[in-house]
Amino acid sequence: MSGRLWSKAIFARYRQGLRNQKEHKALLKIESVYFQDKKPWWCNETKFYLGKGCVYVHKAKNNTATPGSKPNKTRISWKKVTLTHGNNGMVRAKF
């Protein structure tokens with residue numbers, strides 16, 4: 001039985017204050033993670049993802065060269081999950 005080693009997440013927004021927005025920190029909502037448990041750390045749903053890497057994939061206007069394939073418009077940006085955010089299963093990721 002082969003399982004999938006990744007989970008989809010939705011980019012919710014950048015982390016922000018009253019007047020400032022921090023573009024190097026993003027808030028992500030991971031699918032199938034609905035709340036931050038008040039259980040011990042070894043069985044918490046969101047704390048499982050701390051320290052894991054994540055990729056932001058998006059399309060751009062112009063083509064760029066890609067190693068080993070044809071030029072395309074797909075861009076990727078690697079992030080790392082740093083902290084949990086709130087009680088609804090969101091996490092913070094740093095660029």
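Predicted model: local features only at pLDDT ≥ 70, side-chain atom pairs only at ≥ 80, totals over all residues.
1. On the basis of the model, residues are numbered from 1 along each chain as its sequence is written, and side-chain values use heavy atoms, with hydrogens and water left out. Local features need pLDDT of at least 70 and side-chain atom pairs count only at pLDDT 80 or more, whereas totals for chains, interfaces and linings use all residues.

2. Along the sequence the pattern reads β-β-β-β-β, and the protein has zero helices. β1 and β2 make a hairpin with four residues between them; seven bridges join these antiparallel strands, and Gln16 stands opposite Gln21 in β2. Strand β4 (residues 69-85) is joined to β5 by five bridges, again in antiparallel fashion, and the bridge partner of Val81 in β5 is Ala93.

3. Val81 and Ala93 also belong to the largest nonpolar core, whose eight residues include Leu28, Ile30, Val33, Tyr49, Cys54 and Val91 as well. Such a core is a set of buried Ala, Val, Leu, Ile, Met, Phe, Trp, Tyr and Cys residues joined through side-chain atoms within 4.5 Å, buried meaning under 20% relative accessible area with a 1.4 Å probe, protein chains only. At least two residues of this core come from each of β2 (21-30) and β5 (90-94).

4. Leaving aside neighbours within four places in sequence, Cys54 is in contact (heavy atoms within 4.5 Å) with Leu28, Ser77, Trp78, Lys79, Lys80, Val81 and Ala93.

5. A colleague may wish to look at Lys79, which lies in strand β4 and is buried yet has no salt bridge, the nearest side chain of opposite charge, Glu23, being 13 Å away. A salt bridge would need a side-chain nitrogen of Lys or Arg within 4 Å of a carboxyl oxygen of Asp or Glu.

Definitions and conventions. Buried < 20%, exposed > 50% of the residue type's maximum accessible area, 1.4 Å probe, protein only. Pairing = 2+ DSSP bridges. Lys, Arg positive; Asp, Glu negative; His and termini not counted.
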